[in-house]
Amino acid sequence: MNEFRADLHCHSTYSDGTYTPSELIELACKIGLSGLSITDHDTIEAYREAIPEAAERQLPLIPGLELSTVHKGKSVHVLAYSFQLNSADILDFCKNQRARRENRNKAILERLASHGMPIEEDELSSPLDNRSFGRPHIAQAMVKRGYVSSIQQAFHEYIGDGKLCFYPGSRFSVEETIEIIHKARGVAIIAHPHLIENSIVKDLLEMKFDGIEGYYARFSSEDHARWIKTGMKRGWLITGGSDFHGAIKPNIPLGSSWVGEEVFKTLHNKYLENN
Ligand code: AMP
Ligand code: ZN
Ligand code: FE
Ligand code: FE
């Protein structure tokens, strides 16, 4: 494959993906990607392993992160790229978020238990340090216990936003999050805008973002056109990626959405300047 394709959105075993950082890089090389960014939820721990592995395989890699934030009570995912990997602002944010997630997960487990679906906390534990646990891990435990037959069912009936056993927990505001990313010299991007309700997107478009995710695995071609136009009007970067999670979302392959050379080079140069 000669066309330049860089997938800027995927998850490793440090959050809710099922491939290790090294396995992601190996797969990216195998399918002929020209560049990659691993965007775990609220942790950059994957980069310890990913940076030497990517260097060894000569795959250009950009630091990435998907931050969980809140606006008017609704969950908003913000993507960050090319930031300083040793930024205290980013590392503190991640540490804080993991503590918030732990409390939130406990509250969800309590709700499940009160509906006759007990799960022990150690059923979610893993040997990885600084890993972000989330609802997909709870959904996996529910499937294993036989409470539901699929991860989808767990979300639809019990733990999806607003469902019976959901608990949102506390998160940073979008504005605070953008500020943290900028302090770390990174770019702040609105993730998968088609998953956000219109009234919230309207507010986000007035904030100090640097870009929008215009290419995404499950966008229709009208969606692509709409978000690309929206971003271009503001002079924003248009990023894209598959949001690959491995076996957690088995029908979305790595590389099923991507950016071309120009956007990748812009972000890669920014990363090199910053690190
Ligand atoms: P959390 O970060 O714990 O709030 O969980 C959010 C993650 O759960 C998302 O990034 C998706 O990977 C996954 N997710 C959200 N909604 C669904 C759904 N309906 N079905 C399957 N996975 C979902
Ligand atoms: Zn996820
Ligand atoms: Fe997301
Ligand atoms: Fe994601």
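How are the donors of the iron ion (ligand 3) spaced along the chain? They follow the pattern E-x10-H-x114-H.

## Basis of the report

This is a predicted model, in which local features need pLDDT of at least 70 and side-chain atom pairs count only at pLDDT 80 or more, while totals for chains, interfaces and linings use all residues; side-chain values use heavy atoms, with hydrogens and water left out. Residues are numbered from 1 along each chain as its sequence is written, and chains are lettered from A and ligands numbered from 1 in the order in which they are written.

## The iron ion (ligand 3)

E66 (OE), H77 (ND1) and H192 (NE2) coordinate the iron ion (ligand 3) at 2.0 to 2.2 Å. Donors are N, O and S atoms within 2.8 Å of the metal (3.2 Å for Na, K and Ca); water is not among the atoms, so sites may look incomplete.

E66 lies in strand β3 (residues 64-71) and H192 in the loop between β6 (187-190) and α7 (198-204), so the pair ties together parts that are 126 residues apart in sequence. Helices (H or I, at least four residues) and strands (E, at least two) are DSSP runs, numbered from the N terminus. Both E66 and H192 are buried; buried means under 20% relative accessible area, exposed over 50%, and partly exposed in between (1.4 Å probe, protein chains only). The zinc ion (ligand 2) is 5.6 Å from the iron ion (ligand 3).

## The iron ion (ligand 4)

The protein donors of the iron ion (ligand 4) are H9 (NE2), H11 (NE2), E66 (OE) and D243 (OD), at 2.1 to 2.2 Å. Angles among the four donor atoms run from 78 to 165°, and the site is irregular. Four donors count as tetrahedral if all angles lie between 85 and 135 degrees; four count as square planar and six as octahedral if opposite donors are over 155 degrees apart and all others between 65 and 115; anything else is irregular.

A distance of 4.5 Å separates the iron ion (ligand 4) from the zinc ion (ligand 2). H11 is buried, with a relative accessible area of 0%, and D243 is buried at 4%.

## Salt bridges

The whole structure holds ten salt bridges, each a side-chain nitrogen of Lys or Arg within 4 Å of a carboxyl oxygen of Asp or Glu. One of them joins D203 to K72, with the closest N and O atoms 2.6 Å apart. D203 lies in helix α7 and K72 in the loop between β3 and β4 (74-81), so this pair ties together parts that are 131 residues apart in sequence.
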